[in-house]
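Welcome, and thanks for taking a look at this one with us. Have the viewer open as you read, and follow the residues along as they come up.

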Amino acid sequence: MKNNSIDHAQALQQFIEITTLLSKERNLNRLLTQVVESAKSLANAQSGAVWLLDATKRNLYIETYMGSAKLARPEEIPQLALYDARKQHERDIVTHVAFTGKSINVGNIYEYTGYSFDAQYRIDKLLGTQTRSCLTVPLIDHDGITVGVLQLFNALTSDSDSGNFTDADEVLIRALGCQAAVAIENSKLFEENRFLIKALDASNRKLRQENKNLLDKIHSNYDFGRIIGESKAIRKILELIKKILSSDATVLVLGETGTGKELVAQCVHFNSHRKDKQFVTQNCAALPENLLESELFGYKKGAFSGAGVDKKGLIELADGGTLFLDEIGDMPLGLQAKILRVLQEKEIRPLGGTVSRKVNVRVVAATHQDLLTKVRQGTFREDLYYRLTVFPITLPALRDRRDDIPALIKHFVESLAKKYEKEIIGIAPSVLNFLLRYAYPGNVRELRNIIERAILLADTGGHLLPEHFDEELALPPQAQSTVAPPGMDGQVKLKPLLESYESVVIRTQLERHRWNQTQTAEALGVSRRTLIDKMIRYNIQDESSDEKMC
């Protein structure tokens, strides 16, 4: 029995003081040092160590070692694997205690015990020490989970010789281990929370700055400088937009597919007094009538099967801002009456609702179709037509503003080269020649796609060369299939000629109908299955970009 043992009352008082001290420590390194120091003091041990689970929960590593000699680099001691060939590795005394949750008290580690003490042998070799007795206890938290292992070495007697740890030592250190485990987990949680709070604070600051930058960018991106061109037609468009900014009048933007109708709508919104509110977009040709109505007007819980909660519609979300209804010519007749009510009464009623609510929303609509013709055909309401045409803006096709093509080419080359991080020195003169005379049935969007493809094919630091463009672009206007079938003079095979023209007609109709296959098939007078087969045969795909430029 050790001469320096303390009575039970003293041990209890010391234990209470130690556990109180551990509960207040939040720094993990200082806490572990305190745990080892406290355990050494309670059991009168020469040295001690704490092993902790790594992040994978598959290895134990020595985190803290304290003794008469200092282990300068605990990382010099290899980790202990908990599993060997997917089986529990319990030969080492540390891993055995971790798995079983039982304490082990050994009188002499250099005598056969059935356990491995390789880690302590290595420490003895590094420090030139001699370990005999060893007390190993698990660190078990309040959920009964082992988070690590505490070891004490060489129980000291009055003459400083190494003795054995007593049963009382084992009980006391095991109790300390439970308190230490809870303190360790609390310290880890504190550190994690502090890290998360700092990360969240930094993230919030970054987010606020990004939001500010985004708003600034949005406002700057949709200024009049984004509408590229100096032609008479473009100058007229800019003057019309400026006249409408101070009012809330409904705007109808007309023009072929790809002329930049949505960009005009954005310019109207982001340069008006509504710019700090929402700009909400909905393509009227993209959804069937029932889905389009629920998207625009929202619905109440239980309005239909699957309506589990109330949902705001896009019109309500755009309250105070602008609602952009693209391809309004394709809106179903039944829904046109409800949109007319929004324009006239400035109020909405969600599906399944019984109460209408007022909304302050500006409507900008767009279409590539002739609405007056649709009115005569009975597919578009006449009263809605006159409501929409309060302030019409008609965008010219690119072929009608060829003076703007050089500026557009320059803009797209610069912006897309920057996007793909490619340095483009310039454009070959022959390329510029055929780009200037091409018909552009897809308008500005098609020009952008042509430039984007060329930049992807070009080498960085080089020029845009003819081989980076489709051969068809270099054909004279009268020979371009995008304008008309090739001439009948010369040796021309009929089948390839007809297939080429059919491919162009299909692509043109798809673009005109916003790649809606059902509507395109109806316009062409064929079945949808036939249209899909021909699209596959001619490798026709929607390559349009979301970015729209005038």
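Let's begin with Asp-470, which is partly exposed at a relative accessibility of 44%. Its side chain forms a salt bridge with that of Arg-453, at 3.5 Å from N to O. Arg-453 belongs to helix H15 (residues 443-457), while Asp-470 sits in the loop between strand S20 (462-464) and helix H16 (494-512), so this pair ties together parts that lie 17 residues apart in sequence. Arg-453 is partly exposed as well, with 40% relative accessibility.

Keep in mind that you are looking at a predicted model.

## Other charged pairs

In total, the structure contains 17 salt bridges. One of them joins the side chains of Arg-399 and Glu-256, with 2.4 Å between N and O. This pair connects distant parts of the chain, 143 residues apart: Arg-399 is in the loop between strand S18 (391-394) and helix H13 (405-419), and Glu-256 is in the loop between strand S10 (251-254) and helix H7 (261-270). Arg-399 has a relative accessible area of 35%, so it counts as partly exposed. Glu-256, at 30% relative accessibility, is also partly exposed.

A further salt bridge brings together the side chains of Arg-357 and Asp-319, at 3.3 Å from N to O. Here too the link is between distant parts of the chain, with Arg-357 in strand S16 (residues 357-358) and Asp-319 in the loop between helix H9 (314-317) and strand S14 (322-326), 38 residues apart. Arg-357 is partly exposed at 33% relative accessibility, and Asp-319 is partly exposed with a relative accessible area of 28%.

## The parallel sheet

Which strands make up the open sheet, and in what order? There are 5 of them, arranged S11-S14-S17-S10-S18, and their pairing is parallel. The edges are strand S11 (279-283) and S18, each of which pairs on one side only. From one strand to the next, the twist averages 20°.

Zooming in on one pairing, S10 and S18 run parallel and are joined by 4 bridges. Val-253, for instance, has Ile-393 in S18 as its bridge partner. Helix H7 lies across S10, S11, S14, strand S17 (362-367) and S18, and runs at about 155° to S11.

Is helix H3 (residues 93-100) mostly covered or mostly open? H3 is mostly covered, with 6 of its 8 residues buried. Those buried residues are Ile-93, Val-94, Thr-95, His-96, Val-97 and Ala-98. They pack against strand S1 (45-53), S2, strand S3 (80-81), strand S6 (104-106), strand S7 (134-140) and strand S8 (146-156).

Why does Thr-64 count as buried? Its relative accessibility is 10%, and the cut-off for buried is under 20%. Leaving aside residues up to four places away in sequence, Thr-64 touches Leu-32, Thr-33, Val-36, Gly-48, Ala-49 and Val-50.

## Two helices that cross

Two packed helices are described by the angle between their axes and the distance between the axes. For helix H17 (residues 517-524) and helix H18 (residues 528-537), the angle is about 100° and the axes are 9 Å apart. That angle makes H17 roughly perpendicular to H18.

On the H17 side, the contact is made by Gln-517, Thr-518, Thr-520, Ala-521 and Leu-524, which meet Arg-528, Leu-531, Ile-532 and Met-535 in H18. Sorted by class, this contact has 5 nonpolar, 3 polar and 1 charged residues.

## The protein as a whole

Stepping back, the protein has 18 helices and 20 strands. It has 550 residues, and 45% of them count as buried. Of the contacts between residues at least 6 apart in sequence, 67% join residues at least 24 apart.

Conventions. Residues are numbered from 1 along each chain as its sequence is written. This is a predicted model: local features need pLDDT of at least 70, side-chain atom pairs count only at pLDDT 80 or more; totals for chains, interfaces and linings use all residues. Side-chain values use heavy atoms; hydrogens and water are left out. Axes are lines fitted to C-alpha atoms, for helices over the stretch in contact, and angles run from 0 to 180 degrees between N-to-C directions. Helices (H or I, at least four residues) and strands (E, at least two) are DSSP runs, numbered from the N terminus. Angles under 35 degrees count as roughly parallel, over 145 as roughly antiparallel, 65 to 115 as roughly perpendicular and the rest as oblique. Contact means heavy atoms within 4.5 Å. Ala, Val, Leu, Ile, Met, Phe, Trp, Tyr, Cys and Pro count as nonpolar, Asp, Glu, Lys and Arg as charged, and the others, Gly among them, as polar. Buried means under 20% relative accessible area, exposed over 50%, partly exposed in between (1.4 Å probe, protein chains only). A salt bridge is a side-chain nitrogen of Lys or Arg within 4 Å of a carboxyl oxygen of Asp or Glu. Two strands pair if DSSP finds at least two bridges between them.
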